[in-house]
Amino acid sequence: MKILIVDDFSTMRRIIKNLLRDLGFTNTQEADDGSSALPLLKSSDFDFLITDWNMPGMTGIDLLKAVRADEKLQSLPVLMVTAEAKREQIIEAAQAGVNGYVVKPFTAQALKEKIEKIFERVDA
Amino acid sequence: MTEQAHQDNLVEYAKTLVEQLENGDAKEAMRTISSLHQQRDQVLFQEVGKLTRSLHESIKNFAIDTSNSEMREEMSRMQDASERLNYVIEKTENAANKTMDMVEHTMPVSAHLRETAQDLKSEWDRLMRREMSADEFRQLSKKIDGFLCTAVDESSRIDSNLSSIMLAQDYQDLTGQVIKRVIQLVKEVEDNLVNLVTMASTIDQITGVKHELQPQKTESKEEQIGPEGPIMNPETREDVVSNQDDVDALLSSLGF
């Protein structure tokens, strides 16, 4: 299971990376915005994408849309982990095809639940 | 000059102007008109001058007092609000990293303690059930002795890591001061802008300028959905969710 973590703050990437390691996912890579994440996703074989929304350069929602529009990546599970909490935004993300949405600040439990739920659905 | 005095002056000039025109003294009349202009400009310059001075003062006064000389030096190098805020980002990032370093160092230590204790517990249980030979018991005694020494060492390491985590929180004091200063500056700038608007309206009154007010542009939908960052007051807003449960409820209402 290879996971890409996209967030502009290195501390947040580190927190998510640590939580993933506790959940048994040790194969992770990081990117600091959508425009550096997209080439990584295209050139490698990631199984899962965790992304923030608000980032300089390319935002998480644009990254999500780009992933869904890409033939090779369109079915990649995407979890959004963000401080963006407007109903409109959550709806926009859902319409863009997000697989899960976690609002910051979040708990290890919430992240775990969402990840597990996504994999249950993907496997089903 | 007060508004009343200013008006009296204008009336005075106007009277003089009428007199001069009636007397056919065109040259003097032109001079009066130019004085009228000058007076208007003067008031304008005075008001703009006042504003500039108070803005300048606010920016000059924007300095941080710290008792620590090293800090003072560090602070004096930071000359504007955005640098100060960058300093806050840097301090909080360092503290977060230091804290995570310590947590990462501590977790394996406590995991090792737990695993060793679990192993010993299962052997101890065998002893209690009298399933252990004398030779095995001697081995177990040695292990217990080793474990007790390790437990002392490792728990002191945990203690020291925990106190490093505690100390890493010292950024709060410094960043708090910096942020308070920035808030104060923003407030001063805001007050001065309000003054500017008031002065501008005085100037408009003096000069009799009328502005055609443009109807305010309503924000496009695109802009409204743009990223906003953390919501400070979710309980007072209708358009935001306040926790993960709200997110889940909203998503499930959309068929997720």
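Mentor: Just after α4(A), G97(A) has a positive phi of about 95°. Helices here are DSSP runs of H or I with at least four residues, strands are E runs of at least two, and both are numbered from the N terminus. This is a predicted model, where local features need pLDDT of at least 70, side-chain atom pairs need 80 or more, and totals for chains, interfaces and linings use all residues. Residues count from 1 along each chain as written, chains are lettered from A and ligands numbered from 1 in written order, and side-chain values use heavy atoms, without hydrogens and water.

Trainee: Which residues of α4(A) are buried?
Mentor: Q89(A), I90(A), E92(A), A93(A) and A94(A) of helix α4, residues 87-95. Buried means under 20% relative accessible area, exposed over 50%, partly exposed in between, with a 1.4 Å probe and protein chains only.

Trainee: New topic. How many aromatic pairs are there over all chains?
Mentor: The whole structure has 2. Rings of Phe, Tyr and Trp (its six-membered ring) pair if their centres lie within 6.5 Å; planes under 30 degrees apart are stacked, over 60 edge-to-face, the rest tilted. F25(A) and F119(A) have ring centres 6.0 Å apart and planes at 50°, so that pair is tilted.

Trainee: What about F48(A) and F119(A)?
Mentor: Their centres are 5.0 Å apart and their planes at 55°, so this pair is tilted. F48(A) sits in strand β3 and F119(A) in helix α5, 71 residues apart.

Trainee: Are F48(A) and F119(A) buried or exposed?
Mentor: Both F48(A) and F119(A) are buried. F25(A) is buried too, at 17% relative accessible area. Ring pairs join F25(A), F48(A) and F119(A) into a cluster.
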